[in-house]
Amino acid sequence: MTSVYVFNGPNLNLLGTREPEIYGTTTLADVETMCREECEAAGLELVFGQSNHEGQLIDWIQEAGAEVKAGRAIGAVFNPGAFTHTSVALHDAIEGVELPVVEVHISNVHRREPFRHRSYVSPVARGIVVGFGVYGYVMGLRGLRHAVTAG
Ligand code: CA2
């Protein structure tokens with residue numbers, strides 16, 4: 001079965017436990033369930049992960065890139081958390097392995113502090129979903145499928 005990845009960056013393990021006015025009350029486990037249902041309906045195998053460590057996220061991106069190259073996966077939905085705004089290394093990893101990525105942010109980062117307006121990931125993303133809450137993950141999965149199948 002073809003795989004699809006959903007990767008989450010730092011502090012997203014806290015989703016649903018704090019700052020509900022910004023991030024809502026849904027937990028990351030709930031997000032995984034939503035993504036799993038979406039993937040089951042689409043006939044895709046979901047690989048879901050969260051890490052607080054930049055190097056771990058880079059390793060996962062490289063592994064995902066290799067799986068896409070081998071024809072065993074379609075790409076990744078990626079919420080890089082605060083690394084979005086700091087990480088040249090994530091930018092280089094995505095570009096380096098040509099991984100099709102849909103960048104997802106739960107909040108509308110452009111309505112927030114200026115330091116959240118810059119993304120190092122967006123220039124190497126296939127598409128971006130911002131500000132639709134956790135539903136953005138489902139949108140990201142649908143967008144990724146559409147982008148890789150329709151070109
Ligand atoms: O809106 C998003 O999805 C973000 O990627 C979330 C990051 C933030 O640094 C980005 O600017 C936008 C923060 C993730 C931390 O999530 C928490 C959730 C609940 C409580 C505390 C942190």
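Mentor: Phe7 and Phe78 are both buried, meaning under 20% relative accessible area with a 1.4 Å probe and protein chains only, where over 50% is exposed and in between is partly exposed.

Trainee: What kind of model is this, and how are residues numbered?
Mentor: It is a predicted model; local features need pLDDT of at least 70, side-chain atom pairs count only at pLDDT 80 or more, and totals for chains, interfaces and linings use all residues. Numbering runs from 1 along each chain as its sequence is written, and side-chain values use heavy atoms, with hydrogens and water left out.

Trainee: Back to the rings. How many aromatic pairs are there in the whole structure?
Mentor: Three. Rings of Phe, Tyr and Trp (its six-membered ring) pair if their centres lie within 6.5 Å; planes under 30 degrees apart are stacked, over 60 edge-to-face, the rest tilted.

Trainee: How do Phe7 and Trp60 pair?
Mentor: They are stacked, at 5.5 Å centre to centre with 25 degrees between the planes. Phe7 sits in strand β1 (residues 3–8) and Trp60 in helix α3 (residues 54–69), so the pair ties together parts 53 residues apart in sequence. Helices (H or I, at least four residues) and strands (E, at least two) are DSSP runs, numbered from the N terminus.

Trainee: Is Trp60 buried or partly exposed?
Mentor: Partly exposed, with a relative accessible area of 21%. Phe7 has 3% relative accessibility, so it counts as buried.

Trainee: And what about Phe7 with Phe78?
Mentor: Their ring centres are 6.4 Å apart and the planes are at 85 degrees, so that pair is edge-to-face. Phe7 is in β1 and Phe78 in strand β3, so this pair ties together parts 71 residues apart in sequence.

Trainee: Which residues make up the ring cluster?
Mentor: Tyr5, Phe7, Trp60 and Phe78, linked by ring pairs.

Trainee: Switching topic. What is the strand order in the sheet?
Mentor: β2-β1-β3-β4-β5, in an open sheet with parallel pairing. Two strands pair if DSSP finds at least two bridges between them.

Trainee: Which strands stand at the edges?
Mentor: β2 (45–50) and β5, each with a single partner strand, so one side of each is left without a neighbour in the sheet.

Trainee: How is β4 placed?
Mentor: Five of the five residues of β4 (residues 101–105) are buried, so the strand is largely enclosed by the rest of the structure. Val101, Glu103 and His105 point one way, and Val102 and Val104 the other. In a regular strand the side chains alternate between the two faces of the sheet.

Trainee: What does β4 pair with?
Mentor: β3 (residues 73–79) pairs with β4 in the parallel sense over three bridges. Ala76 has Val101 as its bridge partner in β4. On to β5 (residues 127–130): β4 pairs with this strand over four bridges, also parallel. Here Glu103 stands opposite Ile128, and Val104 has Val129 as its bridge partner.

Trainee: Now the ligand. How many residues surround it?
Mentor: 17, and the closest are Asn79, His85, Ile106, Ser107 and Arg116.

Methods. Near = heavy atom within 4 Å.
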